[in-house]
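Biologist: I'm new to this one. Can you walk me through it?

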Amino acid sequence: MKRKILPIYFSLLVQILLLIPKHSKAGLLYPKASETRETVSLDGIWNFVASPLTDPLIGFRNYWYKRDLTTVDADIHLMPVPSSYNDITQNAAIRDLLGIAWYDRTFFVPKSWKGQRVWLRFSSVHYAAQIYVNGELAMNHEVGHLPFQKEITWLIGFGEENRVTVACDNTLLSNTVPQGTVTQVDTDNGTTYRQDYSFDFFNYAGIHRPVTLYTTPISFIDDITINSTLGDNGYGYVSYNISVVQPDGETTLNISLRDKDGIIVAIAEGKSGILSVEYPRLWWPYLMDPEPGYLYTLRVELLSPIGDVIDIYRQPVGIRTLTWTNTSFLINYKPVYLHGFGRHEDADIRGKGLDFPTILRDYNLIKWVGANAYRTSHYPYADEIMDLADKLGIMIIDECPSVNTELFSTSLLENHKRSLTELISRDKNRPSVIAWSIANEPRTQTYDSGIYFGKIAAHVRSLDLSRPITIALARSVNEDYAGQHLDIISFNRYNAWYQNSGRLDMITKNVIKEATAWHEKYKKPVLMSEYGADTMEGLHIYPEFIWSEEFQVKLMSKHFEAFDALRETGFFIGEFIWNFADFKTAQTFIRV
């Protein structure tokens with residue numbers, strides 16, 4: 001087999017989607033209907049065409065974005081949105097597609113929307129996307145798993161049928177987040193290309209989350225930033241900062257904070273300020289309070305100079321404060337121990353497509369098993385998943401899409417920083433988000449990696465100082481250069497699985513030794529962010545033998561012994577099993 005890396009060809013393929021200015025710099029408030037705003041879902045069945053790998057740019061050359069996709073000379077499929085496209089058809093070429101896929105559908109814009117701004121929002125398209133409305137370029141975006149939007153008022157017809165077309169490219173390269181390579185291979189049918197990546201989950205692609213058309217007034221509330229703290233006088237404090245777009249002249253803002261019963265507990269005026277709440281109901285994690293996840297509502301009203309209401313937006317608020325030391329992590333000044341999981345967002349058939357039954361079932365299982373936290377390994381999860389974490393009191397370590405990071409280039413650094421900027425912009429107000437994870441298992445054994453992650457950590461702190469920063473580290477403690485830049489040390493280690501396979505008698509001592517070494521090196525709190533064993537469901541072998549259910553149970557029990565001992569030391573703050581549920585991997589022989 002010939003193997004040849006082709007970065008230039010596929011760099012062009014990705015970059016053709018990114019030749020225009022980035023998407024709107026407007027805030028990323030979640031689209032919500034209100035007295036002044038309307039929303040319409042564009043979810044449903046879309047048309048779908050996969051570009052041939054031998055001619056990936058055919059859609060651009062033949063102006064598919066100016067046509068109804070059902071009229072192009074290609075195989076047309078019906079595709080559900082939201083979902084990944086990989087597992088919907090019986091076509092292996094679509095499952096394993098490398099390159100560009102095209103979607104389109106039509107929609108009506110009501111005549112009644114004329115005189116308002118109309119926005120189009122995609123909650124996630126993986127990996128790179130270019131969006132056309134009625135044949136005109138509207139916006140583009142790079143990095144999957146995060147929302148993007150643009151005002152399209154001047155591109156649409158009111159009271160008319162309109163068309164939206166999406167070009168979606170799943171190609172991963174050395175400067176994408178996550179990274180990948182493209183390899184030339186010879187097959188029975190001739191030379192072709194293959195996407196390779198070092199992470200172990202399947203590179204699902206498509207329009208993964210809701211597509212929403214919504215309105216705002218001409219002058220509107222653009223963004224809201226919230227922070228909360230607790231005083232020692234029985235008060236809670238909610239600081240707010242609101243940005244407004246107001247081309248129509250001066251406006252004012254009325255702010256009110258309301259409890260679950262709708263009772264106003266604090267009021268203010270202006271774009272920024274502090275709301276004081278006497279004896280507030282605090283946001284507590286699950287199992288730390290009889291009513292975890294308590295949320296207030298911040299009602300923001302934009303008013304004209306004569307007092308007419310122009311715009312209204314409601315933002316959930318959890319009053320809580322986070323603090324940390326070199327040995328502990330605290331919520332509302334009480335130490336917290338994290339019991340949880342690493343997870344993935346995929347499920348059968350729909351891939352990474354948003355699926356409410358699966359989401360709710362997962363949360364019920366998390367609560368049933370007594371967990372209070374999870375990490376969004378290895379990318380940001382859907383807004384709707386995060387909303388439920390806020391409501392249920394489940395703590396989240398919020399991770400950006402950087403996986404197995406290496407080859408630390410300037411272009412990678414900029415993409416990595418942008419992914420965190422967008423993640424923090426989306427999730428900054430969430431009480432459930434207790435930490436930012438800036439990478440999973442990066443190659444931190446080089447001096448350059450220390451410089452790189454120093455820049456990444458500094459960037460995150462420039463955006464948010466209210467939460468600690470971590471990385472799920474996988475290199476050995478003696479060779480790591482990144483931990484110096486973190487607030488919490490998280491480490492992944494698979495004792496008796498990848499290391500010392502089958503040796504259940506070596507787990508407890510090794511876990512205690514490594515966790516202690518991390519703390520001694522960096523003088524920071526430590527948690528184990530991954531441990532576990534793969535298991536063949538229904539395989540029973542006793543005495544415990546690798547791959548059996550008994551082996552998995554025993555492996556966990558030996559880790560629990562280590563965790564119990566480590567909790568007594570005072571610096572160990574959490575344990576996360578890998579993995580919460582099955583997830584799809586690439587076609588390899590090393591996993592069931």
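Modeller: Let's start with terms. Two strands pair if DSSP finds at least two bridges between them. Helices (H or I, at least four residues) and strands (E, at least two) are DSSP runs, numbered from the N terminus.

Biologist: What sort of model is this, and how are residues numbered?

Modeller: It is a predicted model: local features need pLDDT of at least 70, side-chain atom pairs count only at pLDDT 80 or more, and totals for chains, interfaces and linings use all residues. Residues are numbered from 1 along each chain as its sequence is written, and side-chain values use heavy atoms, with hydrogens and water left out.

Biologist: Okay, strands. How many bridges join E3 to E4?

Modeller: Five bridges do that. Strand E3 covers residues 44–50, strand E4 covers residues 77–81, and they run antiparallel. Asparagine 47 has leucine 78 in E4 as its bridge partner.

Biologist: And how many bridges join E3 to E5?

Modeller: Four, again with an antiparallel run. E5 spans residues 100–108. Valine 49 stands opposite tryptophan 102 there.

Biologist: What joins E5 to E11?

Modeller: Nine bridges, and the two strands run antiparallel. E11 is residues 161–169. Aspartate 104 faces threonine 165 in E11.

Biologist: What order do the strands take in that open sheet?

Modeller: The order is E4-E3-E5-E11-E8-E9, six strands with antiparallel pairing. E4 and strand E9 (136–142) are the edge strands, and each pairs on one side only. The twist averages 25 degrees from one strand to the next. Angles here run from 0 to 180 degrees between N-to-C directions, and axes are lines fitted to C-alpha atoms, for helices over the stretch in contact.

Biologist: What does UniProt place at residues 41–217?

Modeller: An unreviewed UniProt entry puts "domain: Glycosyl hydrolases family 2 sugar binding" there. UniProt positions are given in the numbering used here, feature names are shortened, and annotations may be inferred rather than shown by experiment. Over residues 41–217 the chain is 5% helix and 44% strand. The end C-alpha atoms of that stretch are 19 Å apart.

Biologist: And what does the annotation for residues 325–589 say?

Modeller: The unreviewed UniProt entry gives "domain: Glycoside hydrolase family 2 catalytic". Residues 325–589 are 35% helix and 17% strand, with end C-alpha atoms 44 Å apart.

Biologist: Helices next. How do H6 and H7 pack?

Modeller: Two packed helices are described by the angle between their axes and the distance between the axes. H6 (residues 410–427) and H7 (residues 447–463) pack at about 25 degrees, with axes 10 Å apart. That makes H6 roughly parallel to H7. Angles under 35 degrees count as roughly parallel, over 145 as roughly antiparallel, 65 to 115 as roughly perpendicular and the rest as oblique.

Biologist: Is the crossing of H6 and H7 right-handed or left-handed?

Modeller: It is right-handed. A crossing is right-handed if the near helix is turned clockwise from the far one by less than a right angle, and left-handed if anticlockwise.

Biologist: Which residues of H6 and H7 meet?

Modeller: Contact means heavy atoms within 4.5 Å. From H6, they include Leu412, Leu413 and His416, and from H7, Tyr452, Phe453 and Lys455 are among them. The residues of this H6 and H7 contact divide into nine nonpolar, three polar and two charged. Ala, Val, Leu, Ile, Met, Phe, Trp, Tyr, Cys and Pro count as nonpolar, Asp, Glu, Lys and Arg as charged, and the others, Gly among them, as polar.

Biologist: What about H4 and H5?

Modeller: The axes of H4 (residues 356–368) and H5 (residues 383–392) come within 11 Å and cross at roughly 35 degrees. H4 passes H5 in a right-handed crossing. Phe356, Ile359 and Leu360 are among the H4 residues in the contact, with Glu384, Ile385 and Leu388 among those of H5. The contact of H4 with H5 has eight nonpolar, no polar and two charged residues.

Biologist: Where are the cis peptide bonds?

Modeller: One joins tyrosine 542 and proline 543, with omega about 0 degrees. Proline 543 sits in the loop between strand E32 (526–530) and helix H9 (549–567). Another joins tryptophan 578 and asparagine 579, with omega about 5 degrees. Asparagine 579 lies in the segment after strand E33 (572–577).
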